[in-house]
Amino acid sequence: MPEYPILLRLAGKRCVVIGSGPVGMRKVRGLLAADARVCLISPTVSSQNCPEGVETIPRAFRAGDLDGASLVFAATGDNRSDRAVAAEARRLGIPVCLAGLPEEGDFGLPAVLRRGDLNVAVTTGGRSPALAAEVRDLLADLLPESWAVVVKIAAALRRHALDGADDLDYSRDTLRCLLDGALLELLAARDVAGIDRLLQQVFGPSWCLASLGISLPERNS
Ligand SMILES: C[C@@]1(CC(=O)O)c2cc3[nH]c(cc4nc(cc5[nH]c(cc(n2)[C@H]1CCC(=O)O)[C@@](C)(CC(=O)O)[C@@H]5CCC(=O)O)C(CC(=O)O)=C4CCC(=O)O)c(CCC(=O)O)c3CC(=O)O
Ligand SMILES: NC(=O)C1=CN([C@@H]2O[C@H](COP(=O)(O)OP(=O)(O)OC[C@H]3O[C@@H](n4cnc5c(N)ncnc54)[C@H](O)[C@@H]3O)[C@@H](O)[C@H]2O)C=CC1
């Protein structure tokens with residue numbers, strides 16, 4: 001079945017995970033990374049074995065647990081329990097992911113690589129989750145952490161261009177010139193003067209990291 005990739009904005013929204021095994025906990029971490037308000041329901045959960053900020057309910061799932069939720073994940077390892085969660089979610093019109101019965105759920109999760117605001121999501125449509133994770137790790141080697149700063153630079157250039165800086169030619173062509181001009185290597189070397197020279201060469205004399213409001217992150221951050 002062809003799937004439709006989508007980006008959800010979950011900050012502050014209540015997301016409920018049922019089951020606190022390795023799979024449920026992985027869903028919890030992914031939701032926290034998106035600043036969601038996470039509620040974890042499972043007989044084997046306690047606030048001690050859970051990341052900070054998660055609301056924990058130490059019992060089996062019950063009708064009523066999904067009220068007010070935007071998104072639901074069932075990862076109980078028990079088909080009957082997962083289906084009970086799905087039935088309740090459907091009744092309330094909330095999209096639900098069934099970790100153990102993917103084809104019966106509304107959505108699935110890709111393997112994700114984050115580089116600041118650059119997100120790469122890899123899916124095999126559920127055919128081989130381990131392969132999706134493997135490809136994500138291959139891409140991690142190709143996309144070092146400095147890509148997070150590349151996104152910041154591109155975003156700042158775009159913002160200035162949209163704000164009406166006429167001398168600024170923000171486009172795919174000029175972004176490619178930055179990459180061809182070894183921006184990633186310059187970032188890896190933390191060569192601010194070199195990056196400024198490159199920005200001036202591509203965009204004109206008024207542009208440099210400082211005029212874009214960008215400072216390089218501390219090492220290892
Ligand atoms: C459909 C989907 C539904 C969903 O959960 O959304 C689903 C379903 C199932 N996974 C199973 C097994 C494994 N899943 C992983 C790992 C991950 N699985 C993830 C996603 C998805 N898994 C969705 C489709 C993704 C796609 O498009 O391919 C990742 C990418 C993201 C995430 O979970 O957040 C995450 C990478 C984590 C990371 O490293 O970041 C590993 C490897 C490992 O754990 O190292 C194994 C064992 C090896 C193997 O089987 O390949 C089983 C059989 C269970 C059983 O045998 O009982 C089912 C159920 C079934 O297929 O019926
Ligand atoms: N999507 C994915 O990435 C993957 C999915 N799976 C599937 O995900 C499911 C869960 O896998 P694991 O975390 O390894 O299972 P697990 O057995 O380690 O954990 C299940 C958790 O659900 C809880 N639970 C059981 N019944 C419940 C109920 N009625 N209400 C609330 N909580 C309940 C248990 O206490 C336990 O915490 C399985 O169906 C498995 O086939 C497995 C591997 C990867």
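Q: What is pLDDT?
A: pLDDT is the predictor's confidence in each residue, from 0 to 100. In this predicted model the mean pLDDT of the protein is 95. In the protein, 99% of residues reach 70 or more. For the complex, the predictor gives an ipTM of 0.92 and a pTM of 0.91.

Q: How are helices and strands named?
A: They are DSSP runs, numbered from the N terminus. Helices are H or I runs of at least four residues, and strands are E runs of at least two. One case is H1, a helix of residues 22-33.

Q: What span is expected of a helix, and what does H1 reach?
A: The expected span is 1.5 Å times one less than the number of residues. H1 has 12 residues and reaches 17 Å from its first C-alpha to its last. That is close to the 16 Å expected.

Q: Which residues of H1 are buried?
A: Count the other C-beta atoms within 10 Å of a residue's own, with C-beta atoms placed from the backbone. At 20 or more the residue is buried, at 12 or fewer it is exposed, and in between it is partly exposed. In H1, the buried residues are Gly24, Met25, Lys27, Val28 and Leu31. They cover an arc of only 155 degrees around the axis, so they sit on the same side of H1. The arc is that of the directions from the helix axis to the C-beta atoms. Pro22, Arg29 and Ala33 are exposed on the other side of H1.

Q: Why can residues a few places apart share a side of a helix?
A: An α-helix has 3.6 residues a turn, so residues three or four places apart point the same way.

Q: What covers the buried residues of H1?
A: Look for contacts: two residues are in contact if their C-beta atoms, placed from the backbone, lie within 7 Å. The cover of H1 includes strand E1 (14-18), E2 and strand E4 (71-74).

Q: What comes just after H1?
A: Asp35 does, with a positive phi of about 60 degrees. Asp35 is not a glycine. The residue lies in the loop between H1 and E2. Asp35 is partly exposed, because 13 other C-beta atoms lie within 10 Å.

Q: Where is Ala182, and what is its phi?
A: Ala182 is in the loop between H5 and H6. Its phi is near 70 degrees, a positive value in a residue other than glycine. Ala182 has 15 other C-beta atoms within 10 Å, so it is partly exposed.

Q: Which residues of H7 are buried, and what do they pack against?
A: In H7, Ile195, Leu198, Leu199 and Phe203 are buried. Seen down the axis, they fall within an arc of 100 degrees, so they line one face of H7. They pack against helix H5 (172-180) and helix H6 (183-188). Just after H7, Gly204 takes a positive phi of about 115 degrees.

Q: Is Ser146 buried or exposed?
A: Ser146 is buried, because 20 other C-beta atoms lie within 10 Å. Its place is in the loop between H3 and helix H4 (147-162). Not counting residues up to four places away in sequence, Ser146 touches Leu184, Leu187 and Ala188.

Q: How many residues surround each ligand?
A: A residue is near a molecule if its C-beta atom, placed from the backbone, lies within 6 Å of it. Around ligand 2 there are 21 residues, and the closest are Gly19, Gly21, Val23, Ala99 and Gly100. H1 gives the largest share of that shell, 3 residues. Around ligand 1 there are 19 residues, and the closest are Gly108, Thr123, Gly126, Pro129 and Ala130. H1 and helix H3 (129-142) are the elements that give two or more residues to this shell. H3 gives the most, with 4 residues.

Q: Which classes of residue make up the shells?
A: Ala, Val, Leu, Ile, Met, Phe, Trp, Tyr, Cys and Pro count as nonpolar. Asp, Glu, Lys and Arg count as charged, and the others, Gly among them, as polar. The shell around ligand 2 has 10 nonpolar, 10 polar and 1 charged. The shell around ligand 1 has 10 nonpolar, 8 polar and 1 charged.

How values were computed:
Residues numbered from 1 in each chain as written. Chains lettered and ligands numbered in written order. Predicted model: local features only at pLDDT ≥ 70, side-chain atom pairs only at ≥ 80, totals over all residues.
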